[in-house]
Amino acid sequence: MKVAIIGVGTVGSAVATAIKNTGCVHEIVLYDRDGLRARAAAEDLDHAASFGFDVKITAVSNYRGIRGSEIVIIAAGANQKPGESRMDLLNKNAAVIRDIIPHVIANVDTKTVKIMILTNPLDVMVMLAQKLSKISSSRVIGTGAMLDSARLRTILSRQFGVSTQSINAYVLGEHGDSSVVDWTSVTVGALSLDEFCRQTKISLPATTRNTITHRVRNAAYEIIRGRGATWDGIGAAAADLLRCIVNDERRILTVCCVSGNGADMVAMSLPRIVGASGIVATLRPKLSASESAALRRSGKIIRKNYDSII
């Protein structure tokens, strides 16, 4: 398996490291317009590879170098700065995606390639990338709310004193400020959230749930304020999505892809079965009336932002 990573900044480098450590790929190609940065990143990662899996690391500054890649991960673009929202990056990163996608499509097998989008605002960039690439929407995939869902499970794990592996909880909709926590579908072990709280005598009132939702939505802002950027979490999410595709695991992940037609077309995160061909199926979780309304609002926000750049 040959994988190309477009953009070798902080996020791209973290993604490369996380993917190398999966042992799922035999070659990683690092593309960056700055050839010196690409070569330095490849050299550093190659040194690290000697302590783990044997992976060929290649640096390129010409898109011809990505030929043969079965998965292309786009990590290029402006990152959030302290005080910025993901939407502040909209026009800058739309220009980045418009530049990258035609070059990628000219150098890959469009019948089979999977394109993974990490660039923010993610949902809008997935829509733009799918439009420009003209390949199946099932193969243009954003990590979406994978990281948001992981943040939710982490907070609940600390609240309940149980492993994140025992918690099923999803964040849906936009990877951004309008994301929706699906409280209705949360399970801990085989128990519904309410039943788990009843049996363990843990109180989780609406005020606490609202605080948790706020913390999930603002987690990235807190990290950016403290260290300037987020990279470890998205690196792990990208590697997990890649592993799911490479191994045809058919796990359910809250990833983002384009669905619908015409004015109803939108990309947002829902639980989706992911396998070797990309997104296999989309699931519709149980939602309360207020959660359903919030998810519709989230979709409208994404669509409005997409319409502003086309």
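**Ground rules.** I number residues from 1 along each chain as its sequence is written, and I leave out hydrogens and water, since side-chain values use heavy atoms. In this predicted model local features need pLDDT of at least 70 and side-chain atom pairs count only at pLDDT 80 or more, while totals for chains, interfaces and linings use all residues.

**Entry 1, two helices.** I looked up helix α3 (residues 90-105) and helix α4 (residues 122-133), whose axes come within 9 Å and cross at roughly 30°. Axes here are lines fitted to C-alpha atoms, for helices over the stretch in contact, with angles running from 0 to 180 degrees between N-to-C directions. Helices (H or I, at least four residues) and strands (E, at least two) are DSSP runs numbered from the N terminus. I noted the crossing of α3 and α4 as right-handed, meaning that the near helix is turned clockwise from the far one by less than a right angle. From α3, L90, N93, A94, I97, R98, I101 and I105 meet V124, M125, L128, A129, L132 and S133 in α4, where contact means heavy atoms within 4.5 Å. By class, this contact has 10 nonpolar, two polar and one charged residues. In that count Ala, Val, Leu, Ile, Met, Phe, Trp, Tyr, Cys and Pro are nonpolar, Asp, Glu, Lys and Arg are charged, and the others, Gly among them, are polar.

**Entry 2, aromatic rings.** I found two aromatic pairs in the structure (rings of Phe, Tyr and Trp, the last by its six-membered ring, with centres within 6.5 Å; planes under 30 degrees apart are stacked, over 60 edge-to-face, the rest tilted). One of them joins Y31 and Y63, which are stacked at 4.1 Å centre to centre with 25° between the planes. Y31 lies in strand β2 (residues 27-31) and Y63 in the loop between β3 (56-60) and β4 (71-74), so the pair ties together parts that are 32 residues apart in sequence.

On a 1 Å grid over the protein atoms alone, a pocket is an open set of points with protein on both sides within 12 Å along at least five of seven lines, a cavity is a set where a 1.4 Å probe fits but cannot get out, and lining residues have an atom within 4 Å of a point. Points are joined across faces, edges and corners, and a volume is the space filled by probe spheres set on them. The largest pocket has a volume of about 550 Å³, and of its 23 lining residues A150, R153, D240, R251 and L253 lie nearest its centre. At least two lining residues each come from α5 (146-160), β7 (167-168), α8 (232-246) and β12 (251-259). The second largest pocket holds about 340 Å³; 20 residues line this second pocket, with G7, R33, R37, A76 and G77 nearest its centre.

Which residues lie nearest the centre of the largest cavity? They are V11, N79, L118, N120 and T230, out of 22 lining residues, around about 310 Å³ of space. The lining of this largest cavity has 12 nonpolar, eight polar and two charged residues. The second largest cavity, of about 30 Å³, takes the largest share of its lining, three residues, from α4.
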